[in-house]
Amino acid sequence: MTNPSHSKKRLLGDLASSEVQSTVDQYRGLYDVREEKRKEQYTTLVNHYYDLATDFYEFGWGRHFHFAPRRKGESFQQSLFRHQYYLADRLQLKPGMEVLDVGCGVGGPMGNIG
């Protein structure tokens, strides 16, 4: 059996890869330049921030940033999917309908339902 703590440390090591380090270095570098130059780079800064934040949220939460009551014998993942399908049913969603997901996640439920 794999040690979850070991797997988590390995994944955190992967997240601390050269890509993440490069992004952090670029962020820090923005404060080593004139204010005008920094303002020119704000779009890049914001994009990097949200890319990194999303990676860490997905690492901790997966693609579903919610909980659902679990039924006996049901896995955590199954409870999430069941709850998403329940909501889609309550909203009377049908194939071909367009739905705007305005939640605070990464679109996991919509990717599952759609």
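Predicted model: local features only at pLDDT ≥ 70, side-chain atom pairs only at ≥ 80, totals over all residues.
A residue is called buried under 20% relative accessible area, exposed over 50%, and partly exposed in between. Arg 82 has 23% relative accessibility, so Arg 82 counts as partly exposed.

Arg 82 takes part in a salt bridge. Its partner is Glu 74, and the closest N and O atoms of the pair are 2.8 Å apart. Glu 74 has a relative accessible area of 13%, so this residue is buried. Side chains of opposite charge can pair when their charged atoms come close.

In total, 4 salt bridges are counted in the model. Among them is the pair formed by Glu 58 and Arg 63, with 2.5 Å between the closest N and O atoms. Glu 58 is partly exposed, at 25% relative accessibility. Arg 63 is also partly exposed, at 42%.

A further salt bridge joins the side chains of Arg 34 and Glu 36, with an N to O distance of 3.4 Å. Arg 34 reaches 55% relative accessibility and therefore counts as exposed. Glu 36 stands at 48%, so Glu 36 counts as partly exposed.

The surface also carries a nonpolar patch of about 470 Å². Its members are Tyr 57, Trp 61, Phe 67 and Phe 76. Tyr 57 lies in helix H4, which covers residues 42–61. The relative accessible area of Tyr 57 is 48%, so Tyr 57 is partly exposed. A patch residue must have over 30% relative accessible area. Tyr 57, at 48%, therefore passes this cut-off.

Conventions: Residues numbered from 1 in each chain as written. Heavy atoms only, no water. Patch = residues over 30% accessible without salt bridge, like charges linked within 9 Å, V, L, I, M, F, W, Y side chains within 5 Å. Areas by Shrake-Rupley, 256 points an atom, 1.4 Å probe, with all protein chains shown as cover. Helix = DSSP H or I, 4+ residues; strand = E, 2+ residues; numbered from the N terminus. Buried < 20%, exposed > 50% of the residue type's maximum accessible area, 1.4 Å probe, protein only.
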